[in-house]
Amino acid sequence: MGIGRMPFGVGLACAGAAAWMMSGSNAGVRRARLLFAGGGKAARMGPSAWGRVLARMRRLSAEWWPVWSPVAVGVLIALLAASLLPLPVGIAGVPVLRRVRLAREERRSRDTRGAAVIALCGALAGEVRAGRQPGEALLRAARDSAGLGQAQAAVLAAARFGGDVPGALVDAARQPGAEGLSGLAACWRVAVDRGAGLAAGLERLEAALRAERDQRADLRAQLAGSRSTAVLLAGLPVLGLVLGTALGAHPLRVLLHTGPGLACLAIGGVLEGAGLWWALRIVRGAEAA
C-alpha cells in the first residue's frame, strides 16, 4: 500500500515544485519588466558604487599609464636581466613623457581655441548681417561659440553691461591659440569709433584665420613624416635587442653585467637621446617658423 502511494506522492511533490518555480519565475519576470520599464526603484538609481570605482580606475589608468609606463618597462627589463640598472632609467623617463604629454595637451587646447575664434568671427558676422546691434550680436555669437576658456565670461560681461569690449578681447587674445581675438578687437574699434562695416571686416578676418589654420595643418602633415622617421630610427636599437634575445645571444646580460657592455650602453644611450632631441628640435623649429 505504501509502495502504491509512492508515485502519487512523487507526482504531487513534482507538481508543487513546478508551481513554486513558475511563481518565482513570474516574479522574476515582473521584476525585470519593472526594472527595464523604469517603474522599479532600481531603474531610478544611478550607477552603482562599483561602476563608479571602475570608471574612475579606467580614467586614472588612461591618464597616468602613458606617463608611468617607463617604470613598468624598467621593472620588466630588470626582472628579465636580473639587474637594478633599468629601474632608475625608467624612473628618469617619467618626467620626459609627462612633459611630452603636457605639450600635446597644450597644442590640442591651442587648436581648440583657434577653431573657437574662427567660429566666433563667422557667427558674429552672421548676426551683424541679420541686423542686430554689435553688443547683442556678440552676446549671441560668444554664447554659442564654446572653447574660448575663462576669457569668454569676461567678453560676455563686457558686451552685456556696456564695458570695454575691445579691451576684454585683447585680454582674451593672450591665451595660446586665441591670438585672432586681437584682430576682432581692432575690427570692433574701427566699426564703433568710425562707423565702418563690422561684418565685412569680420568676414575678411575669418577668411585670414581659416587660411592660416589650413596652412599650419598642411605644414604639420608634411612634418609628420620626418617626426615619425626620427622616432622609428630611435627605436631600431630596441628592435636589435629584441632580435638578439630571440636568437639566444643574451644582449641584456652583456650590456648590464659586463664593463664593456655598460660603457657601450652609456655611450649609445647618450648619442641616441642627443640624436632624437636634435631631430625633433629641427622639426619643431620648422613648425614654429
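This is a predicted model: local features need pLDDT of at least 70, side-chain atom pairs count only at pLDDT 80 or more; totals for chains, interfaces and linings use all residues.

Analyst: Residues are numbered from 1 along each chain as its sequence is written, and side-chain values use heavy atoms, with hydrogens and water left out.

User: How many helices and strands does the secondary structure come to?

Analyst: The protein has 12 helices and 0 strands. Helices (H or I, at least four residues) and strands (E, at least two) are DSSP runs, numbered from the N terminus.

User: Why is the pair of tryptophan 277 and tryptophan 278 called tilted?

Analyst: The structure holds 1 aromatic pair. The ring centres of tryptophan 277 and tryptophan 278 are 6.1 Å apart and the planes stand at 50 degrees, so the pair is tilted. Rings of Phe, Tyr and Trp (its six-membered ring) pair if their centres lie within 6.5 Å; planes under 30 degrees apart are stacked, over 60 edge-to-face, and the rest tilted.

User: What makes tryptophan 277 count as partly exposed?

Analyst: Its relative accessibility is 48%, and partly exposed lies between buried (under 20% relative accessible area) and exposed (over 50%), with a 1.4 Å probe and protein chains only. Tryptophan 278, at 47%, also counts as partly exposed.

User: Why is glutamate 127 called buried?

Analyst: Glutamate 127 has a relative accessible area of 17%, so this residue falls on the buried side of the cut-off. Glutamate 127 sits in helix 4. Not counting residues up to four places away in sequence, glutamate 127 touches Arg132, Ala137 and Arg140, where contact means heavy atoms within 4.5 Å. Across the protein, buried residues make up 24% of the 289 residues.

User: What makes a set of grid points a pocket, and which residues are closest to the centre of the second largest pocket?

Analyst: On a 1 Å grid over the protein atoms alone, a pocket is an open set with protein on both sides within 12 Å along at least five of seven lines, and lining residues have an atom within 4 Å of a point. The second largest pocket holds about 310 Å³ of space. Of its 15 lining residues, Gly114, Gly177, Glu179, Glu212 and Arg216 are the closest to the centre. Helix 4 (86-129) and helix 9 (198-234) are the elements that give two or more residues to this lining.

Methods:
On a 1 Å grid over the protein atoms alone, a cavity is a set of points where a 1.4 Å probe fits but cannot get out, and a pocket is an open set with protein on both sides within 12 Å along at least five of seven lines; lining residues have an atom within 4 Å of a point. Grid points are joined across faces, edges and corners, and a volume is the space filled by probe spheres set on the points.
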